[in-house]
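Dear colleague,

I am handing over the structure we spoke about, and below it you will find my notes on what was found. Please read them with the coordinates open beside you.

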Amino acid sequence: MHFPVKKFFSYYKPYLKLYVSILACALIGSSLTLVFPLLVRYITKDVLVGNLSTALNKVFWIGGLMLILAIIQNTANFFVDYKGHEVGARMERDLRSELFAHMQKLSFRFYDKERTGQLMSRITNDLLLLSELYHHGPEDYIKYLVRFIGAFVILIFINPLLTIAVFCFLPVLGVFSLYFNKRLNKGLRRNKERIADINAQVEDSLSGIRVVKSFTNEQEEIRKFNRENNRFLHSRKDTYRSEAYYFNGVETVIQLITITVIVLGSASIVNHNLDLADLITFLLYIGYMIEPIQKLTHMSTQFQEGITGFQRFMEIMNLKPDIENKPNAMFLDKLSGEIEFRNVCFRYEEHLNDVLQNMSIHIYPGEYIALVGPSGAGKTTFCSLIPRFYDVTDGEILLDGMNVRDIDLQTLRKNIGIVQQDVYLFSGSILENIRYGNPSASDNEVIEAAKHANAHEFIMSMPNGYHSEIGQRGVKLSGGQKQRLSIARVLLKNPQIVIFDEATSALDNESESIVKESLEALSKGRTTIVIAHRLSTIRNAQRIIVLTKKGIVEQGTHDELLIKGGVYARLYSKQFELV
Ligand code: ADP
Ligand code: MG
């Protein structure tokens with residue numbers, strides 16, 4: 001995959017000044033560390049020559065100099081460590097915000113496919129991978145390159161032969177280090193995938209805990225969880241093995257180098273080609289050359305990981321929402337609520353069958369429509385096309401005579417209120433949940449909406465009234481209560497078109513009349529489409545549309561359709577003969 005370099009570096013932009021100072025500090029810090037062994041060499045040479053009185057003098061002022069250098073060097077390194085990481089964390093924050101904001105834009109089709117748990121780990125884990133790259137970016141490269149090159153040049157001056165001997169080992173160290181780092185990082189990435197699988201499993205299982213318990217499938221859930229948990233363990237076992245190989249292998253090579261230097265160096269001393277001070281200096285600088293090799297190889301794999309992380313990030317960022325505003329989309333204040341389907345065809349995926357075929361229907365402003373028909377006929381689908389949750393495959397949908405694709409999405413969706421069959425509430429208080437329909441509504445307006453939705457009474461009977469917490473997804477409420485909160489939420493939004501996907505099941509012991517009343521309040525003065533399962537809501541309709549897999553097969557009032565004796569009459573007698 002092509003790597004978007006420009007985009008990658010654009011995230012440095014807001015922190016450029018700070019970044020340049022971090023780089024400067026990295027340069028200062030690493031250059032100063034190179035001076036220490038030289039000072040040690042200076043002292044040891046004088047001491048060994050036997051000129052003890054001058055040596056002692058020098059020891060003190062060189063000690064002082066070392067102290068000053070140490071303070072400067074560590075201050076610079078402090079700045080690099082602290083601010084360098086901070087900048088990395090800031091960039092990580094920026095990327096994460098951007099990713100989340102982008103996910104908010106993606107359409108239903110995207111969420112139909114993706115698992116929530118997996119997406120969550122993209123936002124949390126994947127970006128950590130990336131931040132490693134931003135944290136240990138250029139400043140570390142500068143630090144280690146300066147150390148390596150500096151040490152190499154100094155050693156060449158001290159003793160070229162010994163330096164070349166040491167140098168022969170470095171490719172071995174480099175290749176070894178590169179190989180195991182790659183393996184290690186692959187393992188670490190696999191660990192992350194496994195933990196994402198565990199997260200997804202937990203998310204799925206705990207969200208559905210009530211279903212789990214009702215089917216007494218706890219053991220099955222535990223088995224599924226343990227399978228993922230064990231896969232994680234095996235993956236980690238692998239990484240620990242690579243890690244042990246890596247660290248001990250590197251340690252062996254370092255020891256080999258040290259032994260070589262000691263043996264060759266001592267031999268050189270015997271041959272008077274080297275003195276003890278040089279040998280000590282040599283041993284001190286070896287570390288300066290080895291550490292960068294380890295770090296740079298480690299960083300090169302980390303770099304690859306980071307790049308992969310960035311590519312995964314861009315994978316989502318590059319996804320265009322299926323449904324977007326046209327550049328010249330129309331902004332409207334209010335719609336009158338006229339809906340027209342013209343030869344609409346729709347299928348969810350290219351390879352799937354049409355759900356709606358060549359459907360045409362005209363719904364007038366303020367009309368109350370009941371949509372009835374067998375399950376799977378496409379009633380919910382029909383309704384989700386109006387606010388453009390999906391775009392039609394063919395044909396067009398017009399609102400007030402305008403194609404929905406030409407209307408600004410915000411305008412469009414602000415004018416349509418939906419009470420979903422499976423009501424979704426957010427954790428929080430009742431007040432917050434109703435106000436979701438209009439964040440600027442006052443407490444009084446919220447209460448007014450709740451009253452119209454027949455929800456005020458049950459809310460007031462709760463211990464904390466409007467401030468009662470509803471539990472995750474509203475578990476503390478009955479189905480009917482959730483539905484009435486959802487109606488209040490839409491009332492507060494005050495849209496011109498209302499879609500009510502009636503719950504199929506009988507509302508737990510709550511009388512039909514309560515729902516009927518709240519629905520009446522909701523539909524007043526608005527175009528209303530009710531996907532109806534209840535006689536009371538159907539009878540109120542000005543027009544009943546019967547939808548089957550063959551499309552719209554009948555429409556008319558209740559009485560007209562009964563007289564006609566078609567599909568509706570049969571449905572009616574089957575469903576409601578006992579009512
Ligand atoms: P109804 O509301 O009348 O019961 P739906 O509109 O929910 O019917 O579904 C109509 C058809 O579309 C069904 O066959 C269903 O399986 C299919 N369907 C619904 N939602 C999706 C989706 N998100 N992706 C693919 N197919 C879907
Ligand atoms: Mg449905």
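Ala370 stands opposite Val530 in S8, and this pair belongs to the place where strand S3 (residues 368–372) and strand S8 (residues 527–531) run alongside each other in the parallel sense over four bridges. Two strands are taken to pair if DSSP finds at least two bridges between them, while strands (E, at least two residues) and helices (H or I, at least four residues) are DSSP runs numbered from the N terminus.

Before going further, please note that this is a predicted model, in which local features need pLDDT of at least 70 and side-chain atom pairs count only at pLDDT 80 or more, whereas totals for chains, interfaces and linings use all residues. Residues are numbered from 1 along each chain as its sequence is written, and chains are lettered from A and ligands numbered from 1 in the order in which they are written.

The sheet that holds S3 and S8 is open and has six strands in the order S6-S7-S8-S3-S9-S10, with mixed pairing. Its edge strands are S6 (416–419) and S10 (551–556), each of which pairs on one side only, and the twist from one strand to the next averages 20°. Helix H17 (residues 479–493) lies across S6 and strand S7 (497–501), and runs at about 175° to S6; angles here run from 0 to 180 degrees between N-to-C directions, and axes are lines fitted to C-alpha atoms, for helices over the stretch in contact.

A further open sheet has four strands in the order S2-S1-S4-S5, with antiparallel pairing. Strands S2 (356–363) and S5 (402–403) stand at its edges with a single partner strand each, so one side of each is left without a neighbour in the sheet. Strand S1 (residues 339–346) pairs with S2 in the antiparallel sense over five bridges, and Phe346 has Leu356 in S2 as its bridge partner.

For the ligand, the residues around ligand 1 are Asp112, Tyr348, Val355, Ser375, Gly376, Ala377, Gly378, Lys379, Thr380 and Thr381, where a residue is near a molecule if its C-beta atom, placed from the backbone, lies within 6 Å of it. Helix H12 (residues 379–385) supplies the largest share of this shell, namely three residues. By class the shell has three nonpolar, five polar and two charged residues, with Ala, Val, Leu, Ile, Met, Phe, Trp, Tyr, Cys and Pro counted as nonpolar, Asp, Glu, Lys and Arg as charged, and the others, Gly among them, as polar.

Turning to helix packing, the axes of helix H7 (residues 138–158) and helix H11 (residues 276–317) come within 9 Å and cross at roughly 150°. That makes H7 roughly antiparallel to H11, because angles over 145 degrees count as roughly antiparallel, those under 35 as roughly parallel, 65 to 115 as roughly perpendicular and the rest as oblique. Their crossing is left-handed, a term used if the near helix is turned anticlockwise from the far one by less than a right angle, and right-handed if clockwise. The residues of the contact of H7 with H11 divide into 14 nonpolar, one polar and four charged.

Helix H10 (residues 218–270) also packs with H11, at an angle of about 160° and with the axes 10 Å apart, and H10 and H11 are therefore roughly antiparallel to each other. H10 passes H11 in a right-handed crossing. Val250, Ile254, Ile257, Thr258, Val261, Gly265 and Ile269 of H10 make the contact with Leu276, Leu279, Phe282, Leu283, Ile286, Ile290 and Gln294 of H11, two residues being in contact if their C-beta atoms, placed from the backbone, lie within 7 Å. These residues divide into eleven nonpolar, three polar and no charged.

With best regards
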